[in-house]
Structure formats: structure tokens, C-alpha cells
Amino acid sequence: MFQTLYSYFWWERLWLPANLTWADLEDRDGRVYAKASDLYITLPLAFLFLVVRHLFETYVATPLAGLLNVKEKVRLKATPNAVLEKFYAATSKHPKQADVEMLSKRSGCTVRQVERWFRRRRNQDRPSLLKKFREASWRFTFYLIAFIAGMAVIVDKPWFYDLREVWKGYPIQSMLPSQYWYYMIELSFYWSLLFSIASDVKRKDFKEQIIHHVATIILISFSWFANYIRAGTLIMALHDSSDYLLESAKMFNYAGWRNTCNNIFIVFAAVFIITRLVILPFWIMHCTVFYPLDLYPAFFGYYFFNFMMVVLQSLHIFWAYLIIRMAQKFITGKVVEDERSDREETDNSEEEEEVAKNGPLSNGHPVLNNNHRKTD
């Protein structure tokens, strides 16, 4: 049964144009072709990336955070309360008003105290500023190096200037050593992102991030199997061209360098929109959708590759919407924030001090004073 499934999976009509077989892509006459077995190395490399990342964050990113004066906000811890903790862990981190009133009766706290407890408890679970800075530093370093390496791989190739060269002689296109390592490193990195996504900073687009990582891994792997390497290197370099700008903007944001962050963000937004919403769909996808049909009839691999490109492009449109929202805040004079991040919830410091001095309750009600303060 396994052999049957294996045969169906590697059926030539799925991967190659008509009248071509895997025998046509066997190494001969000095030509070397991509092989599925080449990708086995990406899994151990992915775990190596996780080790390198840990060392980088410990010995490079953390000292750098100290130099840039990345400071943590003081977070007040939620007072231990078994009733509220059980509801928080098992039911919801954001209780409805009816739940708050019910918990108030069960725990012996006022409604306001219950609301404050949940705010503090949620803040405790939010990632620290240092964690965010370390993560952004690692991604910035990789994306910058990957972009420079990617440009070195493709800038002297004829298909960088003439996209019709991408398909010249396809699929009888010999693989270059630089293409091999570019593919292995990029795919290994995205495997490492997928492996670490559960422990990384979670944002509002968590599901979209998973879809992106999976789609990217499938797209890179398939383009390797089907020898779409020339198109694949162009696509990977195009994506890396803006990612390092976003991560550097985050780093300066966490360090409190607002003007630098905002200026880099504007550059990032421009590069992102040009590369992901203009160059990718109107040049690269035009190249992968129309040019191959001049050489051979459409086959499953052709449809599958372009379908995955559409999935990525849909995610780009979603993220472009968030980027434009942030750009609007910048133009109107507001501080640019990552739209995907949860905001820190704050307590009323004056009320906290008063409660600490006079006790939490007086005749069953919160103690009040004559100072003006924000409403919880």
C-alpha cells in the first residue's frame, strides 16, 4: 500500500509537463538537478537554527537591548485567588459582565476588583518587552543576511532582468550550488519559525502566520521538486526585501526611538506595497501564470504552484490593510503601533495607592478620595 501511495505521489504527470519523465532530470553531462532527497537536510538545519537563535538572543540581542535601554514596564501582579484563577484558566480570560458579577459573589471581591484582577492577570501572560526585542532582533538579522545573500545569488543571472529567461529550456535547467544553499537555508528557517510559533510572541494574526509559514514551506518545497528554482529564488528574495525593515522598526519601537521607528516604518510600508502588491502580482505571478503556457500545456504542478501563489498574495493583501491603517495613524500624528499586537492594559495608580493605604472596602464599597482619576 505504501508503495502504491508513493507511486501515485511521484506520478510524473503531477510534477512535470507532458512528455517528460524523472529520467530526463537525472544528473548527466555535468548537469545537476534538484532532488526531493535534498530537502531532508532542512529538518536538522531547522533545529540548528533554533539553537543558533537561542545563542543569538542570549549573547547578542540581550546585551544589545541593554545598550539601547530597552526598559520593561512595571506590571502589578494579580493577587492569588483560586476562584478567579480557575475561571481564567478553564473558561475565559475576558469574562462577560454577568460572569464578573457571578465571580464577585463567589470570590468575595467587588466587581471592580474582579475586573482589575483579570486585567493584571492578562498582563502577566503578555510577553515581555525584552522577549519582543530579542525576537525582532533575530528575525531582522536573518532577513537582512538572507536578502543580501539572495541578491548575490540572482543579481548576475539573466532571468533577474528578463523574466522570460526563467522558463528558457524548462525543466532541463541545471541547479547551481548557490541556488542549493539559498533554498536549504530559507526552507530551514521557515521550518524553525513553524516549530517555534507556539512559544513566540502571539499576535492577532496568529492563524494567518501559521497559514503563511505552511504555504511558504509547501511553495518552496514544491518549486524545488518541480525545478521551479529560478522563479523560487526571485520570489524568496522579493519577500526578504521588506521583512528586515519591519523587524528593525520593531526594534527601535521597543527601544523607545519613536521617530526612527516611524521613519523606518514608512520606508517599510512603501517597499512592502511596491514589492508585494505591484511587483509580485503584476510581474512575478504574470511570469508564472502566462509564460509557461508558451512552452507546454498546463499540468497539475502548474495549477498547484500558482494556487499557492494566490494564497500568499491573499495574505499580503490582508497585511497591507493593517500596514495602511498604521500609516494613517502616523500621518495623523499618532504613535505607530503594530496593529497585530495586543495593547497593555493599565490600572489606576492613584486608586491602587488609596486601596493600599485604607483597605479595599468600606461598608461594602470601594474607598473613594477627592482626587480626579481615570475610570477603570
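This note sets out numbered points on the structure above.

1. The structure is a predicted model, in which local features need pLDDT of at least 70 and side-chain atom pairs count only at pLDDT 80 or more, while totals for chains, interfaces and linings use all residues. Residues are numbered from 1 along each chain as its sequence is written, and side-chain values use heavy atoms, with hydrogens and water left out.

2. The unreviewed UniProt entry annotates residues 39–56, 140–160, 210–229, 264–284 and 304–324 as "transmembrane region". Such positions are given in the numbering used here, with feature names shortened, and the annotations may be inferred rather than shown by experiment. Residues 264–284 are 100% helix and 0% strand, with the end C-alpha atoms 26 Å apart. Residues 304–324 are likewise 100% helix and 0% strand, and their end C-alpha atoms are 30 Å apart. Helices (H or I, at least four residues) and strands (E, at least two) are DSSP runs, numbered from the N terminus.

3. S242 belongs to helix α10, residues 229–254. S242 has a relative accessible area of 0% and is buried (under 20% relative accessible area, with exposed over 50% and partly exposed in between; 1.4 Å probe, protein chains only). Leaving aside residues up to four places away in sequence, S242 is in contact (heavy atoms within 4.5 Å) with F268, V271, F272, T275 and R276.

4. Grid points are joined across faces, edges and corners, and a volume is the space filled by probe spheres set on the points.

5. The second largest pocket holds about 560 Å³ of space. Its lining has 21 residues, with W10, K35, A36, S37 and F225 closest to the centre. Helix α9 supplies the largest share of this lining, five residues.

6. Of the 15 residues lining the largest cavity, T216, L219, I220, I235 and M236 lie nearest its centre. Elements α8, α9, α10 and α12 (300–331) each give two or more residues to that lining.

Definitions and conventions. 1 Å grid on protein atoms, 1.4 Å probe; cavity = no way out; pocket = protein on both sides within 12 Å on 5 of 7 lines; lining within 4 Å.
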